[in-house]
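Here are my notes on the model you sent over. Have the structure open while you go through them.

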Amino acid sequence: MKEKKLEITVYEADNVKELAPADSALLHEAINATKNAYAPYSKFNVGAAVLLDNGEIIHGSNQENAAYPSGLCAERVALFYANSRYPNVAIKAIAVNSTVNGKENHDPVYPCGDCRQVLLECENRFGKPIKVIMGSASKIQAVRSIKDLLPLSFVLKRE
Ligand code: THU
């Protein structure tokens, strides 16, 4: 077999002030949404803010459950609500933030595998790239498209 290298581009900032105004505004929305998380089991609170093509911002936070797998990540809470409220409006960007045990996290929060798959569906469904902004109290990272976080991704093709 031949070796094939795949390349992804990740943008990085040391501070929220380094972000473009629209990105820092969206991250602030995600930081606020973190406060609404219900995470008594993990104590890992996550907030997400989704920017739609019509300018609307939809918020989500992780919602846990005593039956652990019944809970849902902040990203999917926001994405599914955005798509059910505005089924014909593309998603332009999502920002995510987290706290651990009530303290600010200094590592960016990266969407889990399931959320990446849902983000991919949202991207493909509207044919527009979704910028993903992954925040923390220190480093902030961003990718221009979910495909940078989920290369070689699964799509259902029926012949
Ligand atoms: N979680 C999110 O909400 N988003 C992520 O990107 C990572 C993980 C939640 C799920 C669970 O409630 C808690 O964080 C710990 O895994």
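1. Ground rules. This is a predicted model, so local features need pLDDT of at least 70 and side-chain atom pairs count only at pLDDT 80 or more, while totals for chains, interfaces and linings use all residues. Residues are numbered from 1 along each chain as its sequence is written, and side-chain values use heavy atoms, with hydrogens and water left out.

2. Ligand surroundings. Going by residues with a heavy atom within 4 Å of the ligand, the ligand is surrounded by S42, F44, V46, N62, E64, C73, A74, E75, V109, Y110, P111 and C112.

3. A side-chain N or O atom of E64 sits 2.5 Å from a ligand oxygen. A polar backbone atom of A74 is 2.9 Å from an oxygen of the ligand, and for a backbone N or O atom of Y110 the distance to a ligand oxygen is 3.4 Å. On its own the ligand has 370 Å² of accessible area, and the protein covers 75% of that (Shrake-Rupley method, 1.4 Å probe; for residues, only the protein chains shown count as cover).

4. The aromatic pair. Rings of Phe, Tyr and Trp (its six-membered ring) pair if their centres lie within 6.5 Å; planes under 30 degrees apart are stacked, over 60 edge-to-face, and the rest tilted. That rule gives one aromatic pair: Y41 with Y68, tilted, at 5.5 Å centre to centre and 45 degrees between the planes. Y41 is in the loop between α1 (21-34) and β2 (44-52), and Y68 is in the loop between β3 (57-61) and α2 (74-85), so the pair ties together parts that are 27 residues apart in sequence. Helices (H or I, at least four residues) and strands (E, at least two) are DSSP runs, numbered from the N terminus.

5. Are those two tyrosines buried or exposed? Buried is under 20% relative accessible area, exposed over 50%, partly exposed in between (1.4 Å probe, protein chains only). Y41 is partly exposed at 40%, whereas Y68 is exposed at 59%.

6. A charge over a ring. R85 lies over the face of Y86, 4.6 Å from the ring centre. The test is NZ of Lys or CZ of Arg within 6 Å of the ring centre and within 35 degrees of the ring normal.

7. Two serines. S98, in strand β4 (residues 91-100), is buried at 2% relative accessible area. Its side chain makes a 3.0 Å polar contact with the side chain of N105. Beyond neighbours within four places in sequence, S98 is in contact (heavy atoms within 4.5 Å) with T34, F44, N45, V46, N105 and V109. S84, in helix α2, is exposed at 54%, and a polar atom of the S84 side chain lies 3.0 Å from the backbone oxygen of Y81.

8. Positive phi. Most residues other than glycine have a negative phi. N101, in the loop between β4 and β5 (103-104), has a phi near 50 degrees and is exposed at 55%. L152, in the segment after β7 (140-143), has a positive phi of about 55 degrees and is exposed at 79%.

Notes: A polar contact is a pair of N or O atoms within 3.5 Å; within protein, one must be able to donate a hydrogen and the other to accept it, and residues adjacent in sequence count only if both atoms are side-chain atoms.
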